[in-house]
Amino acid sequence: GGEQYIQNATPQEKREGVNKPALTWTKRPFGLSSETLRIEVSSIPKMFLGSNLLEVEESDLPAVVEKLSQVLTEMGVAASPEALLAAKVSKVHHSKNILLPAGMTVSSVLGTLRRGLTSARRDVRQTEWENEGEGFRRHARHREVLFYDKLSEMAKARSRLRRSHNPLSCDLPLDEGLNLPAGSVFRSEVRLNTRRAVKSALRQV
């Protein structure tokens, strides 16, 4: 038994580029923690800075939780910054955008990685990222490591927006006004997909 309610950005909000966390409220019939609220933020830089090509730092934490608290209030959820800082973290996706020097492209870097990892006979496979950005992914039970072309992934996301007839999508620059050449942003991600993986990583810091 139990109840579960979900609140996500609506299709219209997604087409307009509105960034909201995904909320899942669960009530179980028994147990000390009978009610839980899971808050999943797809991109903190997108929510806080308006672009996931930009990066946040540890010094941004107070302002980030304040912003998240405001967004949750707009969604009808009261969560103070203090409560958010004390919340349990069950999943973290760390990412880094690397601007490559002139003459080097993401595809050439991925090709070098592919050859090196294949010759080392590691369990690595070329795959397709969720948003159709080609790249590498290594995955284990609790974590994943990904490398891919960030601008290519954004171009394909933009193409989907155009097909959805969003009039705003054609006015936004592909690289969000940063004037970056195609193939110049190498994206690396480390996805810690369970609380166990998060704890393990924190013990090594």
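Select Glu144 and Arg137 to start: both are buried, where buried means under 20% relative accessible area, exposed means over 50%, and partly exposed is in between (1.4 Å probe, protein chains only). Their side chains meet in a salt bridge, at 3.3 Å from N to O. A salt bridge here is a side-chain nitrogen of Lys or Arg within 4 Å of a carboxyl oxygen of Asp or Glu.

Before moving on, note that this is a predicted model, in which local features need pLDDT of at least 70, side-chain atom pairs count only at pLDDT 80 or more, and totals for chains, interfaces and linings use all residues. Residues are numbered from 1 along each chain as its sequence is written, and side-chain values use heavy atoms, with hydrogens and water left out.

**Stop 1**

Side chains of opposite charge can pair when their charged atoms come close. How many salt bridges does the structure hold? There are seven.

Select Glu189 and Arg191 next. Their side chains form a salt bridge of 2.9 Å, N to O, and Glu189 and Arg191 are buried.

Then go to Glu55 and Lys96, whose closest N and O atoms are 3.0 Å apart in a salt bridge. Glu55 sits in the loop between helix 2 and helix 3, while Lys96 is in strand 4 (residues 92-99), so this pair ties together parts that are 41 residues apart in sequence. Helices (H or I, at least four residues) and strands (E, at least two) are DSSP runs, numbered from the N terminus. Glu55 is partly exposed, with a relative accessible area of 34%, and Lys96 is partly exposed too, at 41%.

**Stop 2: aromatic pairs**

A pair of aromatic rings is described by the distance of the centres and the angle of the planes. Searching the whole structure gives two aromatic pairs. For Phe, Tyr and Trp (its six-membered ring), rings pair if their centres lie within 6.5 Å; planes under 30 degrees apart count as stacked, over 60 as edge-to-face and the rest as tilted.

Select Tyr5 and Trp25. Is this pair stacked or tilted? The ring centres are 5.4 Å apart and the planes are at 35°, so the pair is tilted. Tyr5 belongs to strand 1 (residues 3-7) and Trp25 to strand 2 (residues 22-27), 20 residues apart, and the pair links distant parts of the chain. Trp25 counts as partly exposed, at 26% relative accessibility.

Now pick Phe147 and Phe186, which form a stacked pair with 5.6 Å centre to centre and 25° between the planes. Phe147 is in strand 7 (residues 143-149) and Phe186 in strand 8 (residues 185-192), so the pair ties together parts that are 39 residues apart in sequence. Phe147 is partly exposed at 23% relative accessibility, whereas Phe186 is buried at 8%.

**Stop 3: the cores**

A nonpolar core is a set of buried Ala, Val, Leu, Ile, Met, Phe, Trp, Tyr and Cys residues joined through side-chain atoms within 4.5 Å. Select Leu23, Met47, Val64, Leu68, Val71, Leu72, Met75, Val77, Ala79 and Leu84: these ten residues make up the largest nonpolar core. Helix 3 (residues 61-74) gives the largest share of this core, four residues. A second, separate core has six residues, among them Leu100, Val106, Val109 and Phe136.
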